[in-house]
Every structure is written in structure tokens, then in C-alpha cells.
Amino acid sequence: MKISMDPFLSTTQTQKLDPKLIMANTILQMSRMELEEKIEEEIIENPALEMEENKIESRCPVCQLKLEENKCPMCGKKSADVDEISEKMLKREEYLEEVEYLSRSFIEKYQHSDSEEMHEQIVSIETLRDYLYINLPLVLYKKEDFFIGKYILNYIDDDGYLRYESGELIKKFNISNETLERIIKAIQAMEPAGIGARDLRECITLQLKNINGQVPPIVWKLLSDKYWNDFHHRRFTILSESLQVTIDDIRNAAYFIKNNVNPYPGRNFSRNILKHETARMTPDVIIKENNGNLEVEMVYHNYRNFRINRIYKEIYEDIKRNKNKYSSSEIEHTKNYFHRARIFIENLYQREETIVKVTKKIVELQREFFYHGISHLIPLTRVQVAEALHIHDSTVSRATKDKFVQLPSGRIVNFDFFFDPSLPIKEEIKAIIDNEDKDNAMSDKEISETLLNLTGIHLARRTVAKYREEMHISSSRDRKYI
């Protein structure tokens, strides 16, 4: 058989991602803080990108002199329509230039390196359980004890209490009650103080042991088996007679505990995280009511004040007319920075347009919620919003990721708020607990029954407990805390 080496032509079809689209999607997905960092980086690195910090005192982009009657007193240039960023669609030649430029240089800035991903993992927020897992080897040295202790950590709730069945653990690991108690005591020696307590009294005791020399003797008496029940239920008169002390002595002991003990050690850990997160809760979008109509307004944060430097703009236009006047390095420099600035500005405008469009559709679909409250918040998915807008659901995900919206009431919430079907039920549970008799707090089973009577919604006791813990509401036993 003869093998032919003759050249021939064939038609093939390949699919390439548009680098402009990749960059636009990356900017759309950025949170407000990430975008501000990227803007600061662009302003520093790109001489063709400018930002007008004060539009009232406009300055000539060439001479940097203050404009007088919209005209430069030095060069006579006018800041008219040439300063506007919104231009017509790029010509085919310019589009290809931009794609070529992005493919070989700028797109690299929008791809995460392995080191960046590692950095993101390092600085990510640490949960209470993660913290305990990391520090567990410091208190449990034996391999068998560590394995059991790691399993027990799964039974510590967000308040920091250990909710477990001792018989189940003893049977599962075939250990004695003494071994289980020793492992639990080791966990309770960890920070934050009071972690792993099985009830409120143990939680208070664990924390007060850290200040053992300063605790008034009467406090230890009140925490004893003999007096705890009366103290817990604030029967100060009975305690006064039993201990032969004044009611003020009992009250001062209660104040001492209140001022030195946190009844929810795990929640304190979560609150530090929440404080870190809420510091970033500046709205990206504002929904406001105007004469009965709901309006969506973007919070700009100076994103609209960008323009291409006029010198670069004029040189770029001149290069297209008189290319021979410039060296190859001048052409490369001007084109690169000009395209970089224009693409960046276009992406900022596209980001704003997409976020506003998605928010308006959410407002339309959740209209009853805005007028009648959270009980009218309907189950909604990002896919449904995408289908209503005839866009891809990944676009909706990017437009809502790590972004916040201010409701007409002034409350600021994450966009995830509109996609959580359990929120109306959680609000009902919270209302039930807020209106309960504090001296006779309701159990999860009683909350479930009350919810069924009020709304017709049946929830299992465990589901009520799960929602309650997600809202950082303590159990019935601990809601009676003095």
C-alpha cells in the first residue's frame, strides 16, 4: 500500500471561548469589595483609564485646567459628547484587535492561580466546628480517644452545647461511661470556655472555674444540686431563707454570673463571624417604594465616573488614519491600554445592567412579599428567574453572588434571601417563640403543634430544632436562663 504525503485542505469546526465574555462574567461575579480592589488596580496600572472625582469641577483631559463654560481656557477643547463612554458597537476590525489583545495578555489577570486559590482557602471564615477539629489533638493525645472525640464534636450545636445520647456513643464505640466522660471533659477544656457543656449549669460552672479564686462562695452554693433549681427559677425569697442571706445577696450573685458568664459560648464564636460579615453588608442595589410602585436603583460607588483618557483616545484614532507616523512599540502600547480601558468600562456598565435586570425580575416575581410581608415570600429558584429573563441560570448566579439588596423597609439582606423557601416558616417559629411565656418556654414539639394550628404547616420536631438553631434561638430549657 502506497502512503501519500501530499498536502490537502479540510474544514474543521472548533469552539473557542470569547475572552471578552470570560472577563465580563468574572466582573459580574465579583462582590462590591472585590470590584473596588479591581478598580483600584486598573486605575493604577492603566494610564488610559481615568475617573472624574468631581463632575461639577470638570477639568480638561489634556491640560488638566478647570473648564470655563465647558471649554478649556488653554487649548480650547470642549468636554462635549467625546467624553461619553457609551459608544456604538465596535467595528469588526477593532473587535478582533481586542480579542487578540485579551487572549495574550489581559485575560491572565482574571484567572485564579493555584496560590490565589490556596490564599482564599487560608483566609476563609472558620466555623466553630472547624476550630474545634483543628485544636482537638491538643487535648486528646491517644489515637483512639481522638477518633471518638472527633465524632463527638458533631453533636455540639451552634450554641456550644453537647447534645448527645450517652448510651448510643457507649454502644457505638464499645467504651465505658468513664472513658466517655473523660473524653468529654477533655473537650470541655478547650476554648471558648463552656464549650461542650450538657446543660446551662455545667456551662456556667466550666466558665467560672477559670476565675476560681474570685468567685464569691455564695455563687458555688447556688450552683449546687440543692439550690440550683430554685435559683434557676428565680425563687430568691426561698433561697434567702434557706441560705440565711438577704435577697440582695442572692441578686448580687445572679449579677456576678450574668457579668462573667456567656450562656451560649458557641454563639459568641458565631457572632464574631457575623460581625465580620455584616461589616461588608453595604447594598449593591436599593429597592424603594415610590407612590405605590417598586423601583430598583443601583448603588454606583463612583463606577459611572470612568472615561478613557482623551490623549490616548486621540492617538488611537490617529493611528487608524496615519499608522506610519508611529513606531510599532507606540502602536502596541496605545492599542493595548486603549482596549483594556474600554473593555473594563463596558464590563462595568454591563454588570450594572445585568444586576438591575435580575433584581427587577425578582421584585416582579416576589411582588406580594414586598406589599404583604415575609409570609408571602414564594419559593423561587435562580433557574426560574433565568427562564423568565431568557438568560442562562449561571448569569443569575453570578449577578446575585455575594451581593446585597436594601429592601423598602431599610433592611439589608443577601440576594440568597429571595431563594430560601424556609424563611416564612422560620419567621413563624420566631414569632411563636417571641410571644411565648418566658417562665414556661415551649418545647420543639409544642412549637410544632402551635405552628400546625396557626398555619396548617406540619413540621417534625427535629425540623423545628434545626430551624431554631439556624436562627440562633436557644432550646426551651436555656430560654429560661436567669
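In what sense do β2 and strand β5 (residues 404-406) pair, and over how many bridges? They pair in the parallel sense, over 2 bridges. This report starts from that pairing. The model is predicted.

## The chain as a whole

The chain has 482 residues, and buried residues make up 41% of them. It holds 22 helices and 6 strands.

Contacts also say something about the fold. Take those between residues at least 6 apart in sequence. Of these, 65% join residues at least 24 apart.

## The sheet

An open sheet is formed by 4 strands. Their order is β3-β2-β5-β6, and the pairing is mixed. The edge strands are β3 (293-298) and β6 (412-414), and each pairs on one side only. On average, neighbouring strands of the sheet are turned by 25° against each other, direction ignored.

Strand β2 (residues 285-290) has two pairings to look at. With β3, β2 pairs in the antiparallel sense over 6 bridges. Isoleucine 287 stands opposite valine 296 in β3. With β5, the sense is parallel. There, isoleucine 286 has glutamine 406 as its bridge partner.

β2 and β3 also form a hairpin, with 2 residues between them. Asparagine 291 sits in the turn and has a positive phi of about 55°.

## Helix α16 and its neighbours

Helix α16 spans residues 328-365. α16 packs on the sheet and touches β2 and β3. The direction of α16 makes about 160° with that of β3.

α16 also packs against helix α19 (residues 393-400). The angle is about 100°, and the axes are 9 Å apart. Angles of 65 to 115 degrees count as roughly perpendicular, so α16 is roughly perpendicular to α19. Which residues meet here, in α16 and in α19? From α16 come Thr354, Ile355 and Val358. From α19 come Thr395, Val396, Ala399 and Thr400.

## Aromatic pairs

A pair of aromatic rings is described by two things: the distance of the centres and the angle of the planes. Rings pair if their centres lie within 6.5 Å. By this rule, the count is 12 aromatic pairs.

Tyrosine 316 lies in helix α15 (residues 310-321), while phenylalanine 338 lies in α16. The pair therefore ties together parts that are 22 residues apart in sequence. Both residues are buried.

Phenylalanine 417 and phenylalanine 418 pair in another way. Their ring centres are 5.5 Å apart, with the planes at 90°. Planes over 60 degrees apart count as edge-to-face, so that is the label for this pair. Buried means under 20% relative accessible area. Phenylalanine 417 is buried because its value is 9%. Phenylalanine 418, at 1%, is buried too.

## A cluster of phenylalanines

Ring pairs link five named residues into a cluster: Phe369, Phe370, Phe415, Phe417 and Phe418. Phenylalanine 369 lies in helix α17 (residues 367-372). Its relative accessibility is 8%, so phenylalanine 369 counts as buried.

How far apart are phenylalanine 369 and phenylalanine 418, in sequence and in space? They are 49 residues apart in sequence, but 9.7 Å apart in space, C-alpha to C-alpha. Leave out residues up to four places away in sequence, and phenylalanine 369 touches Ile374, His376, Leu377, Leu407, Phe417 and Phe418.

## Lysines over rings

Lysine 150 lies over the face of tyrosine 133, at 5.9 Å from the ring centre. Lysine 172 lies over the face of phenylalanine 173, also at 5.9 Å from the ring centre.

## Details in the loops

A cis peptide bond joins glutamate 191 and proline 192, with omega about -5°. Proline 192 is found in the loop between α8 (177-188) and α9 (200-208).

Asparagine 174 is in the loop between α7 (166-173) and α8. Its phi is near 55°, a positive value in a residue other than glycine. Is asparagine 174 buried or exposed? Exposed means over 50%, and asparagine 174 has 70% relative accessibility, so it counts as exposed.

Histidine 390 lies in the loop between α18 (382-389) and α19. Phi of histidine 390 is near 60°, again a positive value in a residue other than glycine. Histidine 390 is exposed, with a relative accessible area of 73%.

Terms used:
Residues are numbered from 1 along each chain as its sequence is written. This is a predicted model: local features need pLDDT of at least 70, side-chain atom pairs count only at pLDDT 80 or more; totals for chains, interfaces and linings use all residues. Side-chain values use heavy atoms; hydrogens and water are left out. Rings of Phe, Tyr and Trp (its six-membered ring) pair if their centres lie within 6.5 Å; planes under 30 degrees apart count as stacked, over 60 as edge-to-face and the rest as tilted. Buried means under 20% relative accessible area, exposed over 50%, partly exposed in between (1.4 Å probe, protein chains only). A charge sits over a ring if NZ of Lys or CZ of Arg is within 6 Å of the ring centre and within 35 degrees of the ring normal. Two strands pair if DSSP finds at least two bridges between them. Axes are lines fitted to C-alpha atoms, for helices over the stretch in contact, and angles run from 0 to 180 degrees between N-to-C directions. Contact means heavy atoms within 4.5 Å. Angles under 35 degrees count as roughly parallel, over 145 as roughly antiparallel, 65 to 115 as roughly perpendicular and the rest as oblique.
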